[in-house]
Amino acid sequence: MDFLKEILPCLPEKVANAVCKLDSTHITEIRLRANGLQTVLYDGRELVISKDLSVFSICKEPLVLEGKDIEKVVFSLCSGSVYAYSEQIKQGFITKNGVRVGIGGAAIMKDGALSGFSSYTSLNIRFPRHIENCAEQLFSLLSKKGSHSVGGILVISPPGGGKTTFLRSFTSGISRSFSDGGKVCRKRVCVIDERAEIYMKDAFSNSCADFLTYLPKEYSIELATRVLSPEYIVCDEIGNEQEAEAICKSSTKGVTFVASCHGKNLFDVMQKPMMQKLFGDKVFSTACELSCVDGKYTCSVKTFPKDTVC
């Protein structure tokens, strides 16, 4: 699916004309800013859109957008009804045809939580990718040791490091066909897709994957365990103690978890008390550290606590 084509009608005309000159398969992000730089993340390089609608690493005359331009994009992403997307906006994003758009602006707070924006100043449009073999090292480990030995898996990287792409590839594989200790099988998987960015039709055709979207993780995890009887639960970006507690509770009911977390490496995330608890309770036994340099992604698979590189 060409996700750029899906999002082009929502972009300012000048931005759309500029990005159309690029190969869409190499575009990871488009960032729009009121009175700032309009940029495209292309093969790991951040390029700036110029006034003449070309793209450069360094640009003397960049294309400038105003606040009203950003507001028009938001209105278009919401298909003309911002109210219909209010629950997503309260979480700081909009999902349009599988594309997640992060929102920056003047926030409105109510009862200590985000309730919307009074104005919009920036948008981060992130395009999903399905890379069939990007979790190959992890599948190799499963083939050698079996899923019972590998246990729960935590995927670690800084923002933009490829966590969601990795989770999509791995989930697609285990829900369709993979070698589990040398025996070909598939697993029942429930994906907690809170921002509707993991699912892609082509990746999950003929799979044993079920999806719960737009629900808080802690609620979805309990619901999935109760009514969908998954063997695996997959969720993106563990962010707070409540989510960690929900994972701990469900892991005692025979569910294996695959999740992701922001961090530089395993040592970094282990400074967080909730991660110490998750590893201490044996929810996770394996960590996948992802990194990206010049558009090239690498994965280091480690077991815990021996910290052995596979």
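Val 189, Val 191 and Asp 193 point one way from strand S11, Cys 190 and Ile 192 point the other way, and all of them are buried. Buried here means under 20% relative accessible area, with over 50% counted as exposed and anything in between as partly exposed (1.4 Å probe, protein chains only). In a regular strand the side chains alternate between the two faces of the sheet. Since five of the five residues of S11 (residues 189-193) are buried, the strand is largely enclosed by the rest of the structure. Strands (E, at least two residues) and helices (H or I, at least four) are DSSP runs, numbered from the N terminus.

Before going on, keep in mind that this is a predicted model, where local features need pLDDT of at least 70 and side-chain atom pairs count only at pLDDT 80 or more, while totals for chains, interfaces and linings use all residues. Residues are numbered from 1 along each chain as its sequence is written, and side-chain values use heavy atoms, with hydrogens and water left out.

What flanks S11? Strand S12 (residues 209-213) pairs with S11 in the parallel sense over five bridges, and strand S13 (residues 232-235) also runs parallel to S11, joined by four bridges. Pairing requires that DSSP finds at least two bridges between two strands. Ile 192 is a handy landmark: it stands opposite Leu 212 in S12, and its bridge partner in S13 is Cys 235.

Ile 192 also takes you to the largest cavity, whose lining is Ile 192, Asp 193, Glu 194, Arg 195, Glu 197, Ile 198, Lys 217 and Asp 236. That space comes to about 50 Å³, and a search of the whole structure finds one cavity of 30 Å³ or more. On a 1 Å grid over the protein atoms alone, a cavity is a set of points where a 1.4 Å probe fits but cannot get out, whereas a pocket is an open set with protein on both sides within 12 Å along at least five of seven lines; lining residues have an atom within 4 Å of a point. Grid points are joined across faces, edges and corners, and a volume is the space filled by probe spheres set on the points. The cavity lining has two nonpolar, no polar and six charged residues. For these classes, Ala, Val, Leu, Ile, Met, Phe, Trp, Tyr, Cys and Pro count as nonpolar, Asp, Glu, Lys and Arg as charged, and the others, Gly among them, as polar.

Now for the pockets. The largest pocket holds about 940 Å³ of space and is lined by 36 residues, with Thr 28, Gly 160, Gly 162, Thr 165 and Tyr 297 nearest its centre. Helix H7 gives the most to this lining, with five residues. By class, the lining of the largest pocket has twelve nonpolar, 13 polar and eleven charged residues. The second largest pocket has about 330 Å³ of space, and of its 15 lining residues, Gln 91, Gly 92, Phe 93, Arg 100 and Arg 195 are the closest to its centre.

Strand S1 is worth a stop too: this strand (27-33) is among the elements that supply at least two residues of the largest pocket's lining. S1 and strand S2 (residues 39-42) pair in the antiparallel sense over four bridges, with Leu 41 in S2 as the bridge partner of Glu 29. S2 then forms a hairpin with S3, with two residues between them, and Asp 43 in the turn has a positive phi of about 55 degrees.
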